[in-house]
Amino acid sequence: MRRAMMTAAALVALLPVATGAQEVSKKVYQLHQRLLTLDSHLDTPASLDFPGWSIEEEHGVHTDFTQVDLPRMKKGGLDGGFWAIYTSQGPLTVEGFRKARDFALLRGMSIRSMVAADPANFALATKASDAAPIAAAGKRVVYISMENAYPLGEDVSLLKTFYDMGLRVAGFAHFAHNQFADSSTDPSNKPRYGGLSPLGKELLKEMNRLGIVPDASHSSDQVLDDLLALSTTPILLTHSGCKAIYDHPRNIDDDHLKALAAKGGVIQMNAYGGYLKASKPNPQRQKALTELYSQMREDAKLSAEKRAELLAKRREIDRLYPETDRATFDDFMAHMLHALKVVGPDHVGIGLDWDGGGGVVGLEDVAAILKITDALLKAGYSEADIAKIWSGNVLRVLAVTEAAKPK
């Protein structure tokens, strides 16, 4: 029998390894450790400004509801990724733009401060070639991205300030239309521009000039069409899913997937449950959460006491109105495997939306990401394929974008 002929080392490689969140074989664990693993959408910078919260300490997804910190990154084997400057959509007014600009600049500085405070464990990356040596040195890779270009107001030149801060990926819109582009989920259910606005087209030109990767996640399909037609560089979807699996406006159809790939682009698969499957309505929970989130305005500096109060309210909501129909790891993998079937391993990556709503049953926080490597191996993908999915593809897009900058 083949099993009887195995070496002792081969047998050891099949023994399960406990990694905190799950067990995988030692072979899978060792493979995962060899890979350069990057997540293209970390909303974790929001945690950095919580009173008393430290990226250096291990937290719990069921206690303070955060999903990424240094100890859990080490447990899960995540080398880093793109840390997002996220700003929610506000009024398209001078005052709205000013507040959003100031907030975004401060959030960017919070990311830079995290790196500066612990150079032994974090390093800022600004080029595609930076990631591998940072990870090889045992540090976490910190690229900076922007989710929602709203903070730029009507001054496209402000993008250069964020570029100088380290910004290398930027999205156009978020949950609602803004001055640059239509959102896929605007409450009006009607387009405003039918794609990019004239100002949005100017913003795209500036991204191409500076070497910033355009991100189409959250934007409408028509915006993606405009980006594919007008951009001089490939397009990234930093955290999206597949309409063929769940027909949600945030997801994209197979034709758009193929068009994205034809231009060298990549879809990074998200783990936001509401975009992975249809779920039963839970109006009481939704109402309670909406009221809770209204107390957590971005520009408010929460005290430690207020944050503790809000966390207690969140736990009470979970007790009173539990989620009984959550998306699962299998739902997430259904989206990923479909994208891989349609466009292949050269055009699929991972952007799980940690600390921004991502996380499903079986993939609750960053400590569990070895399950993805395990599932891809079981689906028949090679180590070379999985290396592309975990970082090679997004770094290729970044490298092409750098090279295309006007001399």
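**Exercise 1.** Why are Glu 202 and Lys 205 separated by about one helical turn?

*Solution.* The structure is a predicted model, in which local features need pLDDT of at least 70 and side-chain atom pairs count only at pLDDT 80 or more, while totals for chains, interfaces and linings use all residues. Residues are numbered from 1 along each chain as its sequence is written, and side-chain values use heavy atoms, with hydrogens and water left out.

Step 1. Both residues belong to helix α8 (residues 198-210) and are three residues apart, which means about one helical turn between them. Helices here are DSSP runs (H or I, at least four residues), numbered from the N terminus.

Step 2. Glu 202 and Lys 205 form a salt bridge, their closest N and O atoms being 3.6 Å apart. A salt bridge requires a side-chain nitrogen of Lys or Arg within 4 Å of a carboxyl oxygen of Asp or Glu.

Step 3. Glu 202 is partly exposed at 41% relative accessibility, whereas Lys 205 is exposed at 55%. The classes are buried (under 20% relative accessible area), exposed (over 50%) and partly exposed (in between), with a 1.4 Å probe and protein chains only.

**Exercise 2.** Determine which salt bridges Arg 285 forms with Asp 318 and Glu 323, and describe their setting.

*Solution.* Step 1. Asp 318 meets Arg 285 in a salt bridge of 2.8 Å, N to O. This pair links distant parts of the chain, 33 residues apart: Asp 318 lies in helix α12 (residues 304-320) and Arg 285 in helix α11 (residues 283-293).

Step 1. Asp 318 is partly exposed at 25%, but Arg 285 is buried at 6% relative accessibility.

Step 2. Glu 323 also forms a salt bridge with Arg 285, with the closest N and O atoms 3.3 Å apart. Because Glu 323 lies in the loop between α12 and α13 (329-343) and Arg 285 in helix α11, the pair ties together parts 38 residues apart in sequence.

Step 3. Salt bridges with shared partners join Arg 285, Arg 314, Asp 318, Glu 323, Arg 326 and Glu 364 into one network.

Conventions. Helices (H or I, at least four residues) and strands (E, at least two) are DSSP runs, numbered from the N terminus.
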